[in-house]
Amino acid sequence: MLENALNGYGVSAKGKIAVKTLVSAGLIALAVLLPQLVHAALGQPGGVKWLPMYLPILLGGCLLGSRWALSVGLLSPLVSFLVTSIAGSPMPVLERLPFMMAELAVFALVSGLFTQKIAQNGWWAFVAVPAAQLAGRLSFLVLAVIFQGVVSFTPAMILQQLQAGLAGVLVQMIAAPVILLALRWLLLKDDQHE
């Protein structure tokens, strides 16, 4: 979607890279900041319930496309881990880090597959977001099953967390597409009047 807007404004290739880099960095920063705010306000259970890191990844996928969003999905939990480790309370914990990186990479890849569709018709965001959520959450569960003898969390624990996060998933199923519709309108409104 962002690519279409940049093309519409006649932005050069270097300009596109600069804009996408800034948007990616902003989304990564948001993915680090939102969980901190939710945890400060609601504690650790708030993070499990509302899944605040997922929203910037979903937005990134739909805005940037799979390739750029993949870096946002992979780097967000890693940057969060590094920044919060300095403060002495890593989020996510090291054991979960590779799993979250894989899960959010899947979120980014799947939502990114819909970028062109969303640029053409913003209502596709209501398909992209749940598809990405389902694929991402399933990937985490599959990885938990594969590595259950290596890590301390079990598939049963992950299923409990999936249930605990249903409220966040439902809110994001509505909030992310609404945000994307608004961004689409802002980014592409000049194109629509031509």
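Predicted model: local features only at pLDDT ≥ 70, side-chain atom pairs only at ≥ 80, totals over all residues.
Contact, in this talk, means heavy atoms within 4.5 Å. A second term is the helix: helices (H or I, at least four residues) and strands (E, at least two) are DSSP runs, numbered from the N terminus.

Residues are numbered from 1 along each chain as its sequence is written, and side-chain values use heavy atoms, with hydrogens and water left out.

I will start with the whole protein. It has ten helices and zero strands. The C-alpha trace spans about 55 × 35 × 30 Å along its principal axes. A compact globule of 194 residues would have a radius of gyration near 16 Å, and the protein, at 17 Å, agrees with that. Here the radius is taken over C-alpha atoms, and the globule rule is 2.2 Å times the number of residues to the power 0.38. Of the 194 residues, 43% count as buried. Buried means under 20% relative accessible area, exposed means over 50%, and partly exposed lies in between, with a 1.4 Å probe and protein chains only. Among contacts with a separation of 6 or more, 73% join residues 24 or more positions apart.

Helix α2 (residues 13-42) packs with helix α5 (residues 66-86) at an angle of about 45°, and their axes are 9 Å apart. α2 is therefore oblique to α5. The axes are lines fitted to C-alpha atoms, for helices over the stretch in contact, and angles run from 0 to 180 degrees between N-to-C directions. Angles under 35 degrees count as roughly parallel, over 145 as roughly antiparallel, 65 to 115 as roughly perpendicular, and the rest as oblique. The crossing of α2 and α5 is right-handed, that is, the near helix is turned clockwise from the far one by less than a right angle. Residues making the contact include I17, K20 and L27 of α2 and W68, L75 and V79 of α5.

Is K20 buried or exposed? K20, in helix α2, is buried, with a relative accessible area of 9%. Leaving aside neighbours within four places in sequence, K20 is in contact with L2, E3, L6, L64 and W68.

G65 lies in it, between α4 (54-64) and α5, and G65 is buried at 10% relative accessible area. Which residues does G65 touch, not counting those up to four places away in sequence? They are G60, G112 and T115. G65 and A108 are 43 residues apart in sequence, yet 7.9 Å apart in space, C-alpha to C-alpha.

The other pair is helix α6 (residues 97-112) with helix α8 (residues 125-146), at an angle of about 150° and with axes 8 Å apart. That makes α6 roughly antiparallel to α8. This crossing, too, is right-handed. Among the residues in contact are F99, E103 and F107 of α6 and A132, R137 and F140 of α8.

Last, E103, which sits in helix α6. E103 counts as buried, at 0% relative accessibility. Setting aside neighbours within four places in sequence, E103 is in contact with Y54, G136, R137, S139 and F140.
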